[in-house]
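Work through the exercises below with the structure open beside you. Try each task before you read its solution.

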Amino acid sequence: MKVTAIGTGYVGLVTGACLAEMGNHVVCLDVNPEKIRILNDGEIPIHEPGLLEVVRRNVAAGRLQFTTDVDLAVNHGTILFIGVGTPPDEDGSADLQYVLAAARSIGQRMTDYKVIVDKSTVPVGTADKVRAAIADELGKRGLSDMAYAVVSNPEFLKEGAAVEDFMKPDRIIVGSEDEQATLLMRALYAPFTRNHDRLIVMDLRSAEFTKYAANAMLATRISFMNEMALLAEKVGADIEWVRRGIGSDPRIGYSFLYAGAGYGGSCFPKDVKALIHAAQGEGILLRVLTAVEEANERQKILLVDKVVARFGADLKGHHFAIWGLAFKPNTDDMREAPALVIVKELLARGATVAAYDPVAMPEAKRLLADAKGLQFTERAEQALEGADALLLVTEWKEFKSPDFDQIKSSLKQPVVFDGRNQYEPTLMKALGIEHHGIGR
Ligand code: NAD
Ligand code: UDX
């Protein structure tokens, strides 16, 4: 099939590359010429395991191309995915300007039947707005009778495992009220549904809602566990044992029960906010989700609270090592990363910081360009030198079994704030390391 991906970010690029991998002919469009230049030079603009290989293989096979040429991109695909950003507006609502601009650019150019697929995470009712924007543009061209369908196909991939998630989805949600479009979507996704049908077709509004409800549920689990961890710490329980104990109940399950330094990323924070805002518009206060968000804000500063409890509120003259800056491992994405809050708060209290991350340092340097008292080190061990304590913020694999002797000898005093519960408290005690975990 001929497919176009409009927006070549985390979602658009993975979607385009993985669809090309199944034999489709895909054009990826972006308004950012620098991204397209990087892709046309044979590189990728993000860190995402396995993606470069898929991109290179399909470019070489002539099935995948990248362009800033809107005419070419719109004319190419029968199925056009809109995968542009939907960042939060000032009031927390999803900003639809990029989605609607993409819709208009389609309406301004299409000359035959197209299936326009909302892949971006968009509020309920957005498909109607996309349809109206296209109709408006077609009307201006005197083409009001031209047939097209708008479909909702939210994306559930996780960064750091995006290719794997796209290739082996738990489910594929298709909101469609157009028979021909449904058939085309079924055919496009047939190679991904494996041994049983994972494609669920529903009405458009339910599909749009499903994405927000899924992210809201996952964020709720994390905030719930973070609050349980706060209490566990006070009453002398270990949240890691509690996690195992409750996760073994199949009604609860083991995933997304890890207490930590708070959730970040480009999705949970903004989607929780957008859902709260959408409900407000309907006169409903989402009490649970409001608390989920508040709990997460508190959680992101928790490591600093622990540092303050240990070293005092005024951190002038203190120096800290930070391991991990990305909002989660295996990505260079820093959007809403807890590390940003932690670094800024330590510096604001007068401390100096040496930070290391395996891949996110270029992005961190860009975002923290004005931060005084912050240095980045080329290797993890260098960050430890002369620091009062180590703060582990992102659980990259290379931090899982560090040289504890080196940690002890490099730090001024052997103190570790373990924001992702990577180290066993009993082992730390045996090694003579003062260990501050989350909820243990
Ligand atoms: P991103 O910021 O990485 O990429 C968006 C891209 O769209 C950018 O490269 C931008 O230049 C481009 N763009 C903007 N307007 C355009 C236009 N009119 N024409 C062509 N290109 C345009 O965003 P992302 O992380 O890929 O997220 C995209 C959407 O997918 C969001 O709604 C997000 O909530 C959702 N989503 C993201 C993830 C994730 O893990 N990142 C997962 C599931 C869903
Ligand atoms: C999320 C959703 O999982 C995905 O389905 C959706 O498409 C996009 O948003 P992503 O943001 O890439 O994916 O990462 P995810 O693995 O969900 O982690 C989000 C945040 O939650 C990270 O900051 C992570 O550290 C945190 N987290 C996750 C926890 O604190 N505890 C957990 O148990 C799991």
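Predicted model: local features only at pLDDT ≥ 70, side-chain atom pairs only at ≥ 80, totals over all residues.

**Exercise 1. Describe how helix α1 packs against helix α3.**

Step 1. Locate the helices: α1 spans residues 10-21 and α3 spans residues 51-60.

Step 2. Take the geometry. The two axes come within 9 Å and cross at roughly 55 degrees.

Step 3. Name the orientation. Angles of 65 to 115 degrees count as roughly perpendicular and those under 35 as roughly parallel. α1 and α3 are therefore oblique to each other.

Step 4. List the contact. α1 supplies Val 14, Ala 17, Cys 18, Ala 20 and Glu 21, while α3 supplies Leu 51, Val 54, Val 55 and Asn 58.

Step 5. Sort these by class: seven are nonpolar, one is polar and one is charged.

**Exercise 2. Which residues are closest to ligand 1, and how does its shell divide by class?**

Step 1. Count the shell: 26 residues surround ligand 1.

Step 2. Pick out the closest. They are Gly 7, Gly 9, Val 11, Ser 120 and Thr 121.

Step 3. Find the contributing elements. α1 and α5 (97-107) are those that give two or more residues to this shell.

Step 4. Sort by class. The shell around ligand 1 has 11 nonpolar, 11 polar and four charged residues.

**Exercise 3. Describe the packing of helix α12 against α9 and against α11.**

Step 1. Start with α9. Its axis and that of α12 come within 9 Å and cross at roughly 55 degrees.

Step 2. α9 and α12 are therefore oblique to each other. α9 passes α12 in a left-handed crossing.

Step 3. On the α9 side are Ala 216, Ala 219, Thr 220, Ser 223, Asn 226 and Glu 227. They meet Val 288, Leu 289, Val 292, Ala 295, Asn 296 and Gln 299 in α12.

Step 4. The contact of α9 with α12 comprises six nonpolar, five polar and one charged residues.

Step 5. Turn to α11 (residues 268-281). It packs on α12 (residues 287-300) at about 145 degrees, with the axes 10 Å apart. This crossing, too, is left-handed.

Step 6. Val 272, Lys 273, Leu 275 and Ile 276 of α11 make the contact with Leu 289, Thr 290, Val 292 and Glu 293 of α12.

Step 7. Five residues of the contact of α11 with α12 are nonpolar, one is polar and two are charged.

**Exercise 4. Where does UniProt place the C-terminal domain feature, and what is the helix and strand content there?**

Step 1. Read the record. The unreviewed UniProt entry places "domain: UDP-glucose/GDP-mannose dehydrogenase C-terminal" at residues 321-425.

Step 2. Over residues 321-425 the chain is 30% helix and 18% strand.

Step 3. Check the ends: the end C-alpha atoms of this stretch are 20 Å apart.

Definitions and conventions. Residues numbered from 1 in each chain as written. Chains lettered and ligands numbered in written order. Axes fitted to C-alpha atoms, helices over the stretch in contact; angles between N-to-C directions. Helix = DSSP H or I, 4+ residues; strand = E, 2+ residues; numbered from the N terminus. Parallel < 35°, antiparallel > 145°, perpendicular 65-115°, else oblique. Contact = placed C-beta atoms within 7 Å. Nonpolar A, V, L, I, M, F, W, Y, C, P; charged D, E, K, R; others polar. Near = placed C-beta within 6 Å. UniProt positions renumbered as here; feature names shortened; annotations may be inferred. Left-handed = near helix turned anticlockwise from the far one by under 90°.
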